[in-house]
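Biologist: Please take a close look at the surroundings of the ligand. I would like one connected account of that part.

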Amino acid sequence: MTSPWMTEELTLLAESTARFAARELAPHAERWRQQKIVDRSAWLKAGAAGLLCASIPEAYGGGGGDRRHETVIGAELSKAGLGGGFGTGIGVSCGLVAHYLLRYGTDAQKLAWLPGMARGEIVAAIAMTEPGAGSDLQNIRTTARRDGDVYVLNGQKTFISNGQSADIVVVAAKTGGEGAKGVSLIVLEAAKAEGFRRGRNLDKIGMHAQDTSELFFDDVRVPAENLLGGEEGRGFVQLMQELAWERLSCALSAVTNTERAVEMTAAYVKERTAFGKPLMAFQNTQFRLAECKSKAVIARTFVDDLMMKMLDGRLDPTAAAMAKWWTTQTLNEVADECLQLHGGYGYMNEYPIAQLWADARVTKIFAGANEIMNMLIARSWCRAGHPTKTRTSRKEADNDESARSGGRHDPLHQARPERRLGRDGREGHPSGAGRRRYFL
Ligand SMILES: Cc1cc2nc3c(=O)[nH]c(=O)nc-3n(C[C@H](O)[C@H](O)[C@H](O)COP(=O)(O)OP(=O)(O)OC[C@H]3O[C@@H](n4cnc5c(N)ncnc54)[C@H](O)[C@@H]3O)c2cc1C
């Protein structure tokens, strides 16, 4: 199924990414799974091949493309079996952190880090989750106390993707002030941060090549100029504003893996025989695969529609939440059904369906747990039915911005002009030329 947002240029990008992945990355994938981290040389090669920061403007060293370029690269890495490892690492560094820097960073901050990230010399992480605060981000305890021209960071984070490899970490910390208004994002440069310590590379049930870690901050002095955007108390809003894309991106990746699961299983059941005939000859196999294929096509149709809306500036955050929960739930159902059709071989790590199944599980938890997605969907619906319960003051609005969940109010529901993308979804040039106001 070809997505309506694909173009000839994007097809060529997909083909060259697939060739690069097969030649330069896939041969190392098993070793990376064993060592629980991707080699830094792979980041440098991917950077040289133009696969990093594809949706960041060329002025900051990026590829000058848009979210479609990034999506195509991610999809090809998933198809090569690298999605749960290097694909996730790139997604976090280039798909998330680079865009926080692009959108909120001062020009000095963008120039300091984005070009290095595009070359693969700088790997980035985003550290929000703490042992005591995941879904409920407002309750984070990490603090950043201003002391002259530095912030002094104290606290702990956990489950941080790229945690072992990160050269810069965007840390969500309390800088003072009540609730959501007290949170700021501070960019920690690992090499210059005395008192910063990485904990264990966590032992996960899937995504084995992706390093996921605890991080500790013990009186770490970070230059005040590393405060993202230069204004305290904006961290929560900054995090929330990127969420609609983060959720759609997660959904796009889930759909690619759903399609992969169906394809690899269809091939397997044609080869494998039982009771003297291919597994595909059993009606049960045909029906199960027919259901899986239908789910994959329905999911693809929905996320493609949202992608088109995103490119046109009309992405509805509630729809993005729907896409995130439904596609990740569907991926898990399909992966499980497909594993079943592989029999015992499906339970063996050397079979791609086993890795896909294990990697899929976390998609229902990260980028906002699916229960949180349901809460947001229900809330938008309740709000629509209770017009008298809309916010009345700015103070009320600030108090509402209370959780990764979007709290009681997800600021993305406010249609405010803050994103500058062209009709094709390209980020506006920093000079401001050709900018178009965009509503995410
Ligand atoms: C592999 C992996 C990579 C990750 N990468 C990162 C990263 O790079 N950076 C980062 O900051 N974090 C990262 N995380 C953390 C991730 O975002 C959190 O795990 C997630 O937000 C859930 O938080 P929690 O684990 O504290 O679960 P909790 O908040 O304790 O929630 C546990 C469960 O309770 C239920 N629940 C919670 N709240 C509600 C509610 N309001 N209503 C109904 N049910 C609810 C849900 O079922 C949820 O799954 C990663 C996690 C994993 C596993």
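**The shell around the ligand**

Modeller: By class, the shell around the ligand holds 14 nonpolar, six polar and three charged residues; here Ala, Val, Leu, Ile, Met, Phe, Trp, Tyr, Cys and Pro count as nonpolar, Asp, Glu, Lys and Arg as charged, and the others, Gly among them, as polar. This is a predicted model, in which local features need pLDDT of at least 70 and side-chain atom pairs count only at pLDDT 80 or more, while totals for chains, interfaces and linings use all residues. Residues are numbered from 1 along each chain as its sequence is written.

Of the 23 residues around the ligand, Met128, Thr129, Gly134, Ser135 and Ser161 come nearest; a residue is near a molecule if its C-beta atom, placed from the backbone, lies within 6 Å of it. Strand 1 (124-127), strand 3 (150-161) and helix 12 (370-385) each give at least two residues to the shell. Helices (H or I, at least four residues) and strands (E, at least two) are DSSP runs, numbered from the N terminus. The ligand lies between domain 2 (126-231) and domain 3 (242-374), because both supply residues to its shell; the domain bounds come from an automatic or database domain assignment.

As for confidence, the mean pLDDT of the protein is 89, and 87% of its residues reach 70 or more; pLDDT is the predictor's confidence in each residue, from 0 to 100. Over residues 387-403 the pLDDT is below 50, and this stretch has 29 contacts in the model beyond near neighbours in sequence, a contact being two residues with C-beta atoms, placed from the backbone, within 7 Å.
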